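Work through the following exercises with the sequence and the coordinates side by side. Each task is followed by a solution in steps.

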Amino acid sequence: MPISGAAIEIGRRALLDRDWAETTNARLVGETSRLDSIAKGGGWTLVGGTPLFRLYETGDAKAAQTRLASAKIWSRVFKDRPGWLRLGLPGSDVEWTRLATVLAR
């Protein structure tokens with residue numbers, strides 16, 4: 001997939017900015033911990049993930065996905081792993097609250 005020159009330049013500058021990289025990494029570590037805590041409170045178990053996406057064992061990923069989708073939270077399920085669900089990090093405080101509310105039910 002082609003990448004624009006502007007995107008390459010922005011990425012290059014960001015990667016060269018050590019303060020930005022360290023701050024961003026620390027923020028992502030905190031946010032993944034927060035997401036894992038909310039998921040655990042909902043009865044899910046962490047399977048794995050990255051600083052941007054987390055993979056959980058939910059017991060019934062289709063049911064979990066339906067519940068999340070009713071609150072406009074998008075997720076991914078896997079055909080070969082019926083309990084697994086992948087979530088990205090919420091972006092805003094409103095999205096974090098919405099996720100916590102849905103998983104607390």
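Two strands count as paired if DSSP finds at least two bridges between them, and the model to which this criterion is applied here is a predicted one.

**Exercise 1.** Determine how strand E4 is paired with E3 and with E2.

Solution. Begin with strand E3 (residues 76–78), which pairs with E4 in the antiparallel sense over three bridges; within this pairing, Val77 stands opposite Leu85 in E4. Finally, turn to E2, which runs antiparallel to E4 and is joined to it by five bridges, with Glu57 standing opposite Trp84 in E4.

**Exercise 2.** Decide whether Thr58 is buried or exposed, and list its contacts beyond four places in sequence.

Solution. First locate Thr58, which lies in the loop between strand E2 (53–57) and helix H3 (61–69). Then apply the cut-off, under 20% relative accessible area for a buried residue: because its relative accessibility is 17%, Thr58 counts as buried. Once neighbours within four places in sequence are set aside, Thr58 is in contact with Trp44, Ala64, Gly83 and Leu85.

**Exercise 3.** Describe the largest pocket by its volume and its lining.

Solution. Start with the volume, which is about 170 Å³. Then sort the lining by class, which gives six nonpolar, two polar and three charged residues; among them are Trp74, Leu87, Glu95 and Arg98. Lastly, assign the lining to elements: strand E4 (81–88) and helix H4 (93–104) each supply at least two residues, and the largest share, three residues, comes from H4.

Methods: Residues are numbered from 1 along each chain as its sequence is written. This is a predicted model: local features need pLDDT of at least 70, side-chain atom pairs count only at pLDDT 80 or more; totals for chains, interfaces and linings use all residues. Side-chain values use heavy atoms; hydrogens and water are left out. Helices (H or I, at least four residues) and strands (E, at least two) are DSSP runs, numbered from the N terminus. Buried means under 20% relative accessible area, exposed over 50%, partly exposed in between (1.4 Å probe, protein chains only). Contact means heavy atoms within 4.5 Å. On a 1 Å grid over the protein atoms alone, a cavity is a set of points where a 1.4 Å probe fits but cannot get out, and a pocket is an open set with protein on both sides within 12 Å along at least five of seven lines; lining residues have an atom within 4 Å of a point. Grid points are joined across faces, edges and corners, and a volume is the space filled by probe spheres set on the points. Ala, Val, Leu, Ile, Met, Phe, Trp, Tyr, Cys and Pro count as nonpolar, Asp, Glu, Lys and Arg as charged, and the others, Gly among them, as polar.
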